[in-house]
Amino acid sequence: MPEQADQNGQLAHNSAPPGLSLRHVGKRFGSFEAISNLSLEVPEGEFAVFLGPSGCGKSTLLRMVAGLEAPNGGEIHLGGRRIDSLPPGDRGVAMVFQHYALYPHMTVRQNMEFGLRNIGTQATEIARRVADAAEMLEIGTLLERKPAQLSGGQRQRVAIGRAIVKEPRIFLFDEPLSNLDAALRARTRVELARLHQRMRATMVFVTHDQVEAMTMATRIVVMNRGRIEQVGTPIEVYRRPATRFVASFIGTPAMNFLPVARLEEQAGMAVAVLANGARVATAIPAAAVPAGEVTLGIRAEDLHPGSGMAATIEVIERLGERTLVHVRLTDGATLIYDEPGDAELEIGQPVALSPDGQAAHLFDADGRACAAEAR
Amino acid sequence: MAAQGVAGVGVRSTANVLFVLPYMAVLAALLIFPLGLGLFLSFQDWDMLGGWNGSVGWENFANLFTDKIFLGTIRNTVLFVVMTVPAFVALGLFLALALNNGLRRSVVMRTIFFGSSVLSVTIVTLIWRLVYLPDRGLLADILGLVGLPSIDMVANESRALPSVAIVTVWWIIGLPMTLFLAGLQQIPAELYEAAALDNASRWRVFTSITLPSIRRTIVLVALIEVILQFQVFGQIFLITSGGPNNASRPIVQYIYEAGFRDWQLGFAAAASQVLFALMLLAALAQFWFARRREAA
């Protein structure tokens, strides 16, 4: 079974050294419950990405760790020490803000030194740390400039540098790539992943961009409506989504969903019979599928053209290395499937599709995934 | 090259002049012409009753600078500016800092502090005459409560000017406060959050984040107030009439009396030029100071 976060429980990572630990944390804004009774362990050295749509509570969670929001309940521990009642500066956290929040009237060097000066760090130590961080981030030539004289990417690096010099127990990133253009975002993703490998520091990164989450995370924490939907490695959440929400949120294009007309059993495994009569033999034990409404989930790359369900091509999206083909089935349902980049296709052309049952998912009426056998 | 009749950025056309013409006309009629006329008048012997008696060169200015009363008005006006402008900046900023939050009581307080600004000078002076009234005024009552004797603020040479300064600050502190509030609200909240994570103390946040972020507003407030307070007249005229013994007489009152009581238009115009020069000097000094700070 995929590692699904129990809203009241711990995750199976207790053997790792203590990193960040959230225990039954809740946050309300008036009558709106932003976070409800959330528990999570982020082991030391992990790059955890909080992923979810706008308003899912991921930034609120990060800000509670930073001390910028006070939780209404629960405990937050960092490195074995309870921090939820400490002021932000005493928590051992460093944060990179969405808009960088560099002090505009200070030079890059002063920006990086500010936090260290405030805690009375020795001048030689400050100079060493700033020099090290500047070298690591290749911003040595920018130290005497002011933020207004820097490009977006350079500001980003300075913001990261300001966090690094503090040598925190944990780095918190609040959607720091959202202000960069696509090319720079891709490059910064790689640099952040490299930085994490080099520093071996615990990092928590908040984003609504699943590509950022997939490319950088050691583990992804998928959130929705103030709750954790699933915690797992990028491949786990992609291959074995715990809920229909995760299945639709992770992956481009989103997973296809088709209502199951009835279920049959074949050698102990569930066979989904669709409304159009197609039979999809899954790798999911029939016993794991509850009675009631069930939905079949299948990714674009797991739908193979050739034989099977009859459909008509409606839209063709050429992405270069692959082609996304939007089709309409005879019963009116729409699907997206994958073709090679150079596939010869025409709008209106009839195709036949057969789902790869071994890769198919079944979701119950509440949107929970029925457990598949490990593949 | 742009074709004829095509409008767009960088296309020059004489028709464009028409758009700025109304503004230029008003500017010329109401500002440039009176300014020039004032300058011209200051070199004339022009009596409102006796008419024009020819040019007198620098005589008006020479008479001004040998007139002890006029020199006293310069001293009084500069003193008044020195008393009020720092108070406007410091107190305005203090109030703005204290009331810069979304709390309902802060909104009410802001309205109250701004409220006095809409009062006319006559109302304000009336209120403060009641406060300053020897033996029976509010001030005397308060001093009486703590067992102190009543102080005559207005009729005392050394206290007359400060007492008008207090009235003035009370009257129009709303504008500096509002300007500072606007400035403070421009500072991104993220900067304060970053400072909190950077272990900055409240004082450090104030000196390293808030003050540098509103430096332009401080310059603006100081500049506006310098220009306004150099022209102080109404409240002094109504509270002390420039007395006692000219101790609170400002330049504008001197100009007013020379021009509209003694009908000496040329002489009054010359005094106006001095006031103008003083204001210009003060404004330039501030600009220079602000720019030097910014470059530093």
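Two strands count as paired if DSSP finds at least two bridges between them. Keep that in mind for the first stop of this tour through a predicted model.

**Stop 1: the sheet in chain A.** Select residues 20-29 and 73-78 of chain A: these are strands β1 and β4, running antiparallel and joined by 5 bridges. To pick out one of those spots, click G26(A), whose bridge partner in β4(A) is G73(A). Now widen the selection to the whole sheet, which is open, has 4 strands with antiparallel pairing, and reads β2-β1-β4-β5 in chain A. The edges are β2 (32-42) and β5 (81-82) of chain A; each has a single partner strand, so one side of each has no neighbour in the sheet.

**Stop 2: where the chains meet.** Show the contact between the chains, with 16 residues from chain A and 13 from chain B. On the chain B side, colour α9 (189-197) and α10 (202-213), which supply at least two residues each. The top contributor on that side is α9(B), with 6 residues. By class, the chain B side has 8 nonpolar, 4 charged and 1 polar.

**Stop 3: a helix pair in chain B.** Select 68-99 and 174-185 of chain B, helices α3 and α8: their axes are 8 Å apart, at an angle of about 55°. The two are therefore oblique to each other, and the crossing is right-handed. Show side chains at the contact, including F88(B) and L95(B) from α3(B), and M177(B) and F180(B) from α8(B). The residues there divide into 11 nonpolar, 1 polar and no charged.

Methods. Residues are numbered from 1 along each chain as its sequence is written. Chains are lettered from A and ligands numbered from 1 in the order in which they are written. This is a predicted model: local features need pLDDT of at least 70, side-chain atom pairs count only at pLDDT 80 or more; totals for chains, interfaces and linings use all residues. Axes are lines fitted to C-alpha atoms, for helices over the stretch in contact, and angles run from 0 to 180 degrees between N-to-C directions. Angles under 35 degrees count as roughly parallel, over 145 as roughly antiparallel, 65 to 115 as roughly perpendicular and the rest as oblique. A crossing is left-handed if the near helix is turned anticlockwise from the far one by less than a right angle, and right-handed if clockwise. Two residues are in contact if their C-beta atoms, placed from the backbone, lie within 7 Å. Ala, Val, Leu, Ile, Met, Phe, Trp, Tyr, Cys and Pro count as nonpolar, Asp, Glu, Lys and Arg as charged, and the others, Gly among them, as polar.
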